[in-house]
Amino acid sequence: SRHTLELIRRTGTFTVNIPRAGMADVVDYFGLESGRRADKFAATGLTLVPAAKVAAPLIAECPYNIECRVTENVFVGAYHVIFGEIVEAHADEEILREPDGDLIDVDALDPLVYLAGVREYRRLGEKVADAFSAGRRYMDLG
C-alpha cells in the first residue's frame with residue numbers, strides 16, 4: 001500500500017540515500033507523511049537529482065547514494081522485501097578516506113541509524129574491531 005513500493009514496481013529501480021545524523025527530523029517526516037498527500041521535497045527543501053543508471057532519483061543532500069535495480073520481491077508477513085543489485089554508488093568527496101579512494105570514512109559520513117525496537121534515531125558508535133581480521137585468531141584453532 002506504500003507509495004514508494006508503487007514507484008519501485010513501476011520503474012524496477014530504487015535508490016538508497018544515506019542521510020547524516022543531523023537529518024533525523026527530515027527523515028522522520030518522510031516516514032510520517034505519505035507522498036500521495038504531500039510534496040515531501042517541497043516541504044523539506046530536499047533536492048531530487050537524476051541518477052546515473054536507474055530511473056529512481058537521488059537526494060542531493062545525502063552524502064552517500066546507492067543506485068539499485070530490483071532483483072527480487074519477496075512477500076514476508078504483511079510486508080514486501082525488495083532485493084536489489086547495486087549498479088552505481090555516489091559519495092561526496094568529503095566522506096571518502098582518501099580523495100581518490102573508494103572507502104567511506106564513517107565518522108565523516110555520520111549516518112543516521114534507526115532502531116525499530118526502541119523507536120529511536122541514533123548515531124553510530126565507536127569502532128570496536130577491523131573487519132576481515134578480528135576473527136583470524138580463531139582460524140588456527142579449528
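I looked up the pockets of this predicted model. The largest pocket has a volume of about 2000 Å³. I took a pocket as an open set of points on a 1 Å grid over the protein atoms alone, where a 1.4 Å probe fits, with protein on both sides within 12 Å along at least five of seven lines. Lining residues have an atom within 4 Å of a point. Points are joined across faces, edges and corners, and a volume is the space filled by probe spheres set on them.

The lining of the largest pocket counts 46 residues, and Thr4, Leu5, Ile8, Phe30 and Lys40 lie nearest its centre. Two or more residues each come from helix H1 (3-11), strand S1 (13-18), H2, H3, strand S5 (79-91) and strand S6 (112-115). H1 gives the most, with seven residues. Helices (H or I, at least four residues) and strands (E, at least two) are DSSP runs, numbered from the N terminus. By class I noted 26 nonpolar, 11 polar and nine charged residues in this lining. Ala, Val, Leu, Ile, Met, Phe, Trp, Tyr, Cys and Pro count as nonpolar, Asp, Glu, Lys and Arg as charged, the others, Gly among them, as polar.

The second largest pocket holds about 290 Å³ of space. Its lining divides into five nonpolar, one polar and six charged residues; Arg97, Asp105 and Lys127 are among them.

Next I listed salt bridges (a side-chain nitrogen of Lys or Arg within 4 Å of a carboxyl oxygen of Asp or Glu). The structure holds seven. Glu6 and Arg36 meet in one at 2.1 Å, N to O. Glu6 lies in H1 and Arg36 in the loop between H2 and H3, so the pair ties together parts 30 residues apart in sequence. Glu6 is partly exposed at 35% relative accessible area, and Arg36 is partly exposed at 45%. My cut-offs were buried under 20%, exposed over 50%, partly exposed in between (1.4 Å probe, protein chains only).

I then went to Ser34, in the loop between helix H2 (24-32) and helix H3 (40-44). Ser34 is buried at 18%. A polar atom of the Ser34 side chain lies 3.0 Å from the backbone nitrogen of Arg36.

Glu88 forms a salt bridge with Lys53, the closest N and O atoms being 3.3 Å apart.

On conventions, residues are numbered from 1 along each chain as its sequence is written, and side-chain values use heavy atoms, with hydrogens and water left out. Local features need pLDDT of at least 70 and side-chain atom pairs 80 or more, while totals for chains, interfaces and linings use all residues.

How values were computed: A polar contact is a pair of N or O atoms within 3.5 Å; within protein, one must be able to donate a hydrogen and the other to accept it, and residues adjacent in sequence count only if both atoms are side-chain atoms.
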